[in-house]
Amino acid sequence: MKTIPTKPSRAKNDKTNLTERALKPSNGFKFNIDSDFESLATSILNHLKYTLARHPNTATRRDWSLSTSMAVRDRIMERFIKTMDAHNAENTRRVYYLSLEYLMGRLLSNNLHSAGLFEATKKALATLGLSLEGLCQEEVEMGLGNGGLGRLAACFLDSLATLDLPAIGYGIHYEFGLFRQEILNGKQVEHPDNWLQFPNPWQIMRPEYAIEVKIYGHVEEHFDDFGEGAPAWVGAKTILGVPWDLPICGYGASTVNFLRLWESRASEEFDLAVFFEGGYVEAVREKAEGETISKVLYPNDKTESGKELRLVQQYFFVSCSLQDIIRRYRNLNAGWDAFPEKIALHLNDTHPSVAIPELLRLLIDVEHLDWDRAWQICRQVFAYTNHTLLPEALEKWSVPLFKKVLPRHLQILYEINRRFLEEEVEAQWPGDNAKKSDLSLIEEGRPKQIRMAHLSVVASHSVNGVAALHTKLLKSHLFPEFDELYPSKFNNKTNGITPRRWLKACNPHLSVLIDETIGGDWPVDLEKLHNLEPYAEDKDFQRRFMAAKKRNKDELATIIAELCHVEVDTEAIFDVQVKRLHEYKRQHLNLLHILALYRRLLHDPDYDMHPRVFIFAAKAAPGYDLAKTIIHAINAVGAKINSDPRIGGKIKVVFLPNYGITLAERIIPSADVSEQISLAGKEASGTGNMKLALNGAVTIGTLDGANVEIQEEVGEENIFIFGHTVEEVEERQKRGYNPFDHYYANDELRHAVDWLGSNYFTPEDPQALAPLRRNLLEGGDPFLVLADFESYLATHREIDLAYRDKERWARTAILNTARMGKFSTDRTIREYAAEVWRLDPLPVED
């Protein structure tokens, strides 16, 4: 075998170098792609004719959208090739980001902005008699993610490329997304999200890098010619992982990294002998079973088969990814000493944590390293981000299931656990079996469970939370013993958002105003938005800022009319709660406020309030019955209110279906009020709060997640905080929380809860909403909705009064935008690069 010497890295472990070099945006920022509109028009026509085989006279809008995307991709791929060449020439250190989901959104508009091609493409299409905005609407969102976890991963990829940081994302090439949501008779109905029904112009198939992955089988002891025994994984089923690459264009297109997604296929897709014998279905059974693994995002895990498919999915993608990483490493390096210097592996929550025993298996069973060396490498390369404080959300796998799917990995996990308890826990707490039980990777019970979060903490050199409060609670509540055992391992990396998508691309009305006022380089240095602060008192700027907001509201009102058949007044307050549907996010608290206002108006039609439009959008997990009941309740209450002439249109309630990135990009710029009302101590961070505030929405929220840091940045006078703090929640629960105390003490609350649980809103199904009332009362109100009701209503009354003071509201909205510089993922990624990954930027020359 040819030996290739390891090349030295450009800058090893030099934090000064990290923080002072290209991680900071350059004042001489420029785009790196030729933007001649005439050549773009020619490329678009060529793709239409020669790639899609369509004549301009008969081409559809989708055809034009595809050919435009391909023309843009051609130009991005030039930078991609230069990027890969530079990375390989330098044998650079890379971060490999492992995430089960990426919520990418539409890519055409974002890529045009990042590559500096937006105006040129607009002009090119105009010469062809086409509208760029119209063609952007033709693009289908990639069904690769669901909520905040996937969107954060997508924002991270954007920032990694923008900051010239060598990185590759890894995930699954799902054939179907989570689901396409329809609201039918007020209820959520799930349909397949067939995002690949039409060609995706951005992805590139790489069959030459296909990977074989083994699952099932059993372990035997095999002996060599010297009588040395070693475990052998035999009788396993083999599947193929075929990679699809998605270019990730940094802003300015200096660096183009990529996201590699694995599609599962059978290793033997077609049994010709069986087919010729008439077994047509049996002949393709292997193919169908192989494709099932990457078929759908998040299969329902209420059933044992669903749990099994999830575990197989997770292992499939990490095994493919690790084998691919090792292949790339071996092409440029000899031996294993350089592996920790060239490789940083990041676990985005516990979904990819089976990568830990898989890397050990590859190093020990395949590469024949001894245990100590393999374990040392694992602990040097892995880092773990925790995204939840909810104990029930911490991933666990039953030992019998794990043994069935990954028998060799179960052996490895038990060995990790044995050494950890005997060598580390025993040294810290001698003879303390209770401590060993608390910290063990195996939770005793019937059946025994594998604690994947514990595994991730033990095996990683860094464990981080995603907001200051979240990290504090992570150390004090979720992993206190681990924090004591590893005092330097835990750290905070507050989440962020990419301003390129979440302001520049999604809110052109406001972006143009900002460009005209402070210049156009804020997308790569969001702290420059602080330069807007002096304009917060400027009457003309206030007028222009609120005019941009009004234009966005007018556009959203059109969408609401199309999707919900409800006419809304754009002079009303647009009160927005858009996020995954979960009890702890407390959409039902918002609903109780709506019912209280509705009753006030019915009893006093002259009740003094500014008109308000309550805007919801959310998906509930298919197996989450109460969350689906909340969606039904919102729609049922909204149907009554929207058609009731007695309240004079002062309240409207709309639920926009099939929430995703495209819809978020239309809702967020139009929001006046941002609902961030989770129970304190339950939300890890949240990023919707950041997106809404960046676009000039004013937050009503609890002191939870990143709300705490948003308050610190925007100022207490520019945010509306209510409800119990984390400490107060703990004290209430310690004393014994009884929701009936609040129910009987507050007439307005009692009437709202009873009304919601009655048959008034669902006469065709009298018991449809009763589970909500039961959950809030007999069910113990697990997320203290009733306890925070009074404070929530009082704070909303303050918002109502503040909004009527137009100058005050405009100033508050402007300052929210101006003071959101901290919450760029560029800042987050700089911190990861310097403090976790030890990753140096590598600018790619022209």
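Q: Is F541 buried or exposed?
A: Buried. This is a predicted model, and in it F541 has 3% relative accessibility. The cut-off for buried is under 20%, so F541 counts as buried.

Q: What about Y535, buried or partly exposed?
A: Partly exposed. The relative accessible area of Y535 is 30%.

Q: How do the rings of Y535 and F541 sit?
A: Their centres are 5.4 Å apart. The planes stand at 45°, so the pair is tilted.

Q: How many aromatic pairs does the count come to?
A: The count comes to 24 aromatic pairs. One of them is Y97 with F156, an edge-to-face pair. Its centres are 5.9 Å apart, with 75° between the planes.

Q: Where do Y97 and F156 lie?
A: Y97 is in strand β1, residues 94–98. F156 is in helix α7, residues 148–162.

Q: Which rings link into a cluster?
A: F420, F479, F482, Y486 and F490. Ring pairs connect them.

Q: Which ring does R327 lie over?
A: R327 lies over the face of Y209, at 4.3 Å from the ring centre. There is also K435, which lies over the face of W429. For K435 the distance to the ring centre is 5.2 Å.

Q: Is R328 buried or exposed?
A: R328 is buried, with a relative accessible area of 11%.

Q: What does R328 touch?
A: Leaving out residues up to four places away in sequence, R328 touches R94, Y96, I168, Y170, F258 and R260.

Q: What does Q542 touch?
A: A536, E537, E807, A810, R811 and I814. Again, that does not count residues up to four places away in sequence.

Q: Helix packing now. At what angle do α3 and α4 pack?
A: At about 35°, with the axes 11 Å apart. Helix α3 covers residues 61–90, and helix α4 covers 108–115. The crossing is left-handed.

Q: Which residues make the α3 and α4 contact?
A: From α3, T68, S69, V72 and I76. From α4, L108, N111, L112 and A115.

Q: Why would residues three or four places apart point the same way?
A: An α-helix has 3.6 residues a turn, so residues at that spacing point the same way.

Q: Which residues of α19 are buried?
A: Helix α19 runs over residues 468–478. Its buried residues are L469, H470, T471, L473, L474 and L478.

Q: What do those buried residues of α19 pack against?
A: Two strands are involved, β16 (462–465) and β17 (490–492). The helices are α20 (480–485), α28 (707–714) and α29 (726–735).

Q: What phi does L784 have?
A: A positive phi of about 55°, although L784 is not a glycine. L784 sits in the loop between α32 and α33 (785–804). L784 is buried, with a relative accessible area of 1%.

Q: And the phi of R838?
A: Positive, about 50°, and R838 is not a glycine either. R838 lies in the segment after α35 (825–837). At 27% relative accessibility, R838 counts as partly exposed.

Q: Last one. Where is S758 found?
A: In the loop between α31 (747–757) and α32 (770–776). S758 is partly exposed, with a relative accessible area of 22%.

Q: What does the S758 side chain reach?
A: The backbone nitrogen of Y760, at 3.2 Å.

Q: How far apart are S758 and V576?
A: 182 residues in sequence. In space, S758 and V576 are 26 Å apart, C-alpha to C-alpha.

Notes:
Residues numbered from 1 in each chain as written. Predicted model: local features only at pLDDT ≥ 70, side-chain atom pairs only at ≥ 80, totals over all residues. Heavy atoms only, no water. Helix = DSSP H or I, 4+ residues; strand = E, 2+ residues; numbered from the N terminus. Buried < 20%, exposed > 50% of the residue type's maximum accessible area, 1.4 Å probe, protein only. Polar contact = N/O pair within 3.5 Å; in protein donor to acceptor, adjacent residues only side chain to side chain. Phe/Tyr/Trp six-rings, centres within 6.5 Å; stacked < 30°, edge-to-face > 60°. Lys NZ or Arg CZ within 6 Å of the ring centre and 35° of its normal. Axes fitted to C-alpha atoms, helices over the stretch in contact; angles between N-to-C directions. Left-handed = near helix turned anticlockwise from the far one by under 90°. Contact = heavy atoms within 4.5 Å.
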